[in-house]
Amino acid sequence: MLKFDVLIIGSGLAGMTLALHLAEQRKVGLITKRDMLEGSSSYAQGGIAAVLDTEDSVEEHIRDTLVAGAGLCDAAATRFIVEHSEEAIHWLISLGVPFTKDKTNRTGYHLTREGGHSRRRIIHAADATGAAVTSTLGRKIKAHPNITLLEDHIAIDLITAGKLGLPGQRCFGAYALDKEKDEVETIAARHTILACGGAGKVYLYSTNPYTATGDGIAMGWRAGCRVRNMEFIQFHPTCLYHSHSESFLISEAVRGEGGILRLPDGTRFMPQHDARAELAPRDIVARAIDFEMKRHGLDCVYLDISYKPSEFVKSHFPNIYSHCLELGIDITQEPIPVVPAAHYTCGGLITDLKGRTDVDALYAVGESACTGLHGANRLASNSLLECLVIGKAAAEHILAQPAIEMPPIPEWDDSRVSDPDEAVVISHNWDELRRAMWDYVGIVRTSKRLERALNRVRMLENEIDEYYSNFHISNDLIELRNLVQTAELIIRSALARTESRGLHFSRDFPDTMTEARDTVLTPPTLNSEGYAQNA
Ligand SMILES: Cc1cc2nc3c(=O)[nH]c(=O)nc-3n(C[C@H](O)[C@H](O)[C@H](O)COP(=O)(O)OP(=O)(O)OC[C@H]3O[C@@H](n4cnc5c(N)ncnc54)[C@H](O)[C@@H]3O)c2cc1C
């Protein structure tokens, strides 16, 4: 058994921020299911939104966030996070993050502007901000004597008071599979943090890395935490469609520089959907592409920038040009096949501004959590900011708590399970789930499609539960179990919203209600093993 003061599950920006803020005073265990740098944080390209320029203001950043969130942002959370944005960026600079500099700017740094922002306020490191941030923080983590980093360790479930037969709702650590040894490790901790990222992989097409399987949300739900606004999934309109390239974004800048969206026969379709054509906001473009793909039964549409001079394309989009060329697509000569793809999970485990969930000693930070900042639609580049600000606040709260006596914790018991006989069940169900979510719970929704998806997902859930109870645990089984549970939460939340708002668009309820309300799902009572089952 391993013992830490604090167990952090996930090594994205949320988990790293907590680890570094805690490690001077606490023994920290940081577990991550692949290598430390694999996660959405390292994939982030654009940057981090923050009020750095004296011409900008907290009020303007708040207003932009509230407008994007379509009436559903939590005002206090938004203010708290934006007010701490400058401090968060200075912390990163003090650690050595190489943000792009600009001598002509008052701040000394180059600030870009993204959709929905009324000012230039995105600080960035060229077009690979996430990688610059996580590699800098990652070096500090590896060098810190108080942080034990365990890569290739996937958390299975939290160790809760219910699981130990104790009264109340408290978390005492987690069970995790050491993938190299193929053994389950018991990890005891006074405080536990879910920093597991989002659930983009619940969909067939996603810009997210393989790690984004909703593990944090599902583990928290099973431990007794409520979730909020799970129906709001942000889709990026243009992800490269190619069998050898998953998760490659074709930046919005391509449309900004004149890229035209076409059907396979070359017909331009955006002007029929919005007067701003290709320059319409993200969700409108994604919805139009989805509509055309469903109407014509297409696998993808095409984004065409090839009519521009070849040198212009190569100099503006060097990464996209070379990545596509490697796959045999010369974007100076031919259009790029694209599909919309699941990009960001706006909802998640309900937390306060210290990252506290409904379960004592259990915190959730980053994309697994829902502080209320994103409302019904995330404003670009606010998510990394949320990881930084709430990560620090959670660490400060943990540091202020007195040490508690830990109860005896039993080791993981797998004496009653056997080796799986048919691994195909996992791969088949994984594909079926992601396809059903894409077809029935995608960008444009109807109640009938959602009901159909719920039936399928519940059948899959029964099958997976049975498999889980009878066979040895594996990485794929853990992820599939979490994906199915997260999918059910997304569908139930979507069914509960009888309006269209922000990222949730229902053909049956196209209007927006006057009063904005959160969708909150509460776990049913715990089962005999101490974990919540879906209702
Ligand atoms: C392509 C792309 C571009 C983006 N660009 C931007 C941008 O420019 N600006 C911005 O603000 N946001 C951007 N985002 C969103 C942003 O990157 C994420 O919201 C943010 O990084 C989430 O951080 P996180 O720490 O919560 O999760 P992640 O960075 O995803 O980290 C999650 C971690 O948890 C681990 N994990 C998951 N489950 C388990 C488990 N069961 N056991 C152990 N470990 C586990 C993973 O391995 C990973 O280490 C982008 C996202 C993508 C996909």
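Predicted model: local features only at pLDDT ≥ 70, side-chain atom pairs only at ≥ 80, totals over all residues.

Trainee: At roughly what angle do the axes of α3 and α4 cross?

Mentor: They cross at roughly 135°, and the axes come within 10 Å. Here α3 covers residues 58-68 and α4 covers residues 75-83.

Trainee: Is the crossing of α3 and α4 right-handed or left-handed?

Mentor: The crossing of these two helices, α3 and α4, is right-handed.

Trainee: What about α13 and α15? At what angle do they pack?

Mentor: Helix α13, residues 424-440, packs against helix α15, residues 475-496, at an angle of about 25°. Their axes are 10 Å apart. Because angles under 35 degrees count as roughly parallel, α13 is roughly parallel to α15. The crossing in which α13 passes α15 is left-handed.

Trainee: And how does α14 pack with α15?

Mentor: Helix α14, residues 447-470, and α15 have axes 9 Å apart and pack at an angle of about 155°. That angle is over 145, so α14 and α15 are roughly antiparallel to each other. In this pair, α14 passes α15 in a left-handed crossing.

Trainee: Let me change topic to the ligand. Which residues come nearest to it?

Mentor: There are 40 residues around the ligand, and S41, G47, D215, E367 and S383 come nearest.

Trainee: Which polar atoms of the protein lie by its oxygen atoms?

Mentor: A polar side-chain atom of T32 is 2.9 Å from an oxygen atom of the ligand. For S11, a polar backbone atom is 3.0 Å from a ligand oxygen atom. For G46, a backbone N or O atom lies 2.9 Å from an oxygen atom of the ligand.

Trainee: How much of the ligand does the protein bury?

Mentor: Taken alone, the ligand exposes 1000 Å², and the protein buries 98% of that.

Trainee: Which elements give two or more residues to the shell?

Mentor: They are α1 (13-22), α2 (40-43), β7 (153-160), α7 (215-223), β14 (336-345) and α12 (382-399). The largest share, 4 residues, comes from α12.

Trainee: How do the shell residues divide into nonpolar, polar and charged?

Mentor: The shell around the ligand has 15 nonpolar, 20 polar and 5 charged residues.

Terms used
Residues numbered from 1 in each chain as written. Heavy atoms only, no water. Near = heavy atom within 4 Å. Polar contact = N/O pair within 3.5 Å; in protein donor to acceptor, adjacent residues only side chain to side chain. Areas by Shrake-Rupley, 256 points an atom, 1.4 Å probe, with all protein chains shown as cover. Nonpolar A, V, L, I, M, F, W, Y, C, P; charged D, E, K, R; others polar. Axes fitted to C-alpha atoms, helices over the stretch in contact; angles between N-to-C directions. Parallel < 35°, antiparallel > 145°, perpendicular 65-115°, else oblique. Left-handed = near helix turned anticlockwise from the far one by under 90°.
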